[in-house]
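Open the model in your viewer and keep the selection panel at hand. The tour below goes stop by stop, saying what to select and what is there.

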Amino acid sequence: MSASEGFQEFLKDQLAGFGPVAIRRMFGGAGVYADDVMLGLIADDTLYLKVDGTTVPAFEAEGMRAFTYTAKGGKPISMSYWEVLPRLLEDPDELAEWARTAYAIACVAKKPARKKTSRKRKS
């Protein structure tokens, strides 16, 4: 799983219509972030966007697939990120629309930080 510097720069340029994104290395690939919300990931120089039940059919209709990795023990694990259609990488305006949808989904899915509660000791 890799995310070359060239591909990262290309994506930043292509996503300019969406807004500024940060790309952070993780697990051999990279996460694509806007406002500290991960809306996509990069693996093997392929962009995957965050999906939910409402957007999966659009990706399926285009023949795209979910990001999958092999866990310990050889079990394949699918994540809620789906491969971006190759034509979107050449159409920044449409890519920005899909990125906005992925961002909205990621914002809903993002769990709020847990509040630390003080525990009273029993005497």
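**Aromatic pairs**

A search of the whole structure turns up six aromatic pairs; rings of Phe, Tyr and Trp (its six-membered ring) pair if their centres lie within 6.5 Å, and planes under 30 degrees apart count as stacked, over 60 as edge-to-face and the rest as tilted. Select F18 and Y103: they form an edge-to-face aromatic pair, 5.9 Å centre to centre with 65 degrees between the planes. This pair links distant parts of the chain, with F18 in the loop between α1 and β1 (22-26) and Y103 in helix α3, 85 residues apart. Helices (H or I, at least four residues) and strands (E, at least two) are DSSP runs, numbered from the N terminus.

Before going on, note what kind of model this is. It is predicted: local features need pLDDT of at least 70, side-chain atom pairs count only at pLDDT 80 or more, and totals for chains, interfaces and linings use all residues. Residues are numbered from 1 along each chain as its sequence is written, and side-chain values use heavy atoms, with hydrogens and water left out.

Is F18 buried or exposed? F18 counts as buried, at 16% relative accessibility, while Y103 is partly exposed, with a relative accessible area of 22%. Buried means under 20% relative accessible area, exposed over 50%, and partly exposed in between (1.4 Å probe, protein chains only).

Next, select Y48, F67 and Y69, which ring pairs link into a cluster. Then move to R24, which lies over the face of Y33, at 4.1 Å from the ring centre. A charge sits over a ring if NZ of Lys or CZ of Arg is within 6 Å of the ring centre and within 35 degrees of the ring normal.

**Nonpolar cores**

Go back to F18 and show its contacts (heavy atoms within 4.5 Å). Not counting residues up to four places away in sequence, F18 touches A34, L39, A96, A99, R100 and Y103.

Now select F18, V32, L39, I42, L47, L49 and F59: of the 29 residues in the largest nonpolar core, these touch the most other members. A nonpolar core is a set of buried Ala, Val, Leu, Ile, Met, Phe, Trp, Tyr and Cys residues joined through side-chain atoms within 4.5 Å. Which elements each supply at least two residues of this core? They are α1 (5-14), β2 (29-34), β3 (37-43), β4 (46-50), α2 (56-61) and α3 (92-109). Helix α3 gives the most, with five residues. Another core, of seven residues, lies apart from this one, and L41, Y48, F67 and Y81 are among its members.

**Salt bridges**

The whole structure holds six salt bridges, each a side-chain nitrogen of Lys or Arg within 4 Å of a carboxyl oxygen of Asp or Glu. Select E62 and R87, whose side chains meet in one of them (3.0 Å, N to O). E62 lies in the loop between α2 and β5 (66-70) and R87 in the loop between β6 (76-83) and α3, so the pair ties together parts that are 25 residues apart in sequence. E62 is partly exposed, with a relative accessible area of 38%; R87 is partly exposed as well, with 39%.

The side chains of E94 and R87 meet in a salt bridge (2.8 Å, N to O), and E62, R87 and E94 are linked in a network of salt bridges.

For the last stop, select R65 and E83, whose side chains meet in a salt bridge (3.6 Å, N to O). R65 counts as exposed, at 52% relative accessibility, whereas E83 is buried, with a relative accessible area of 15%.
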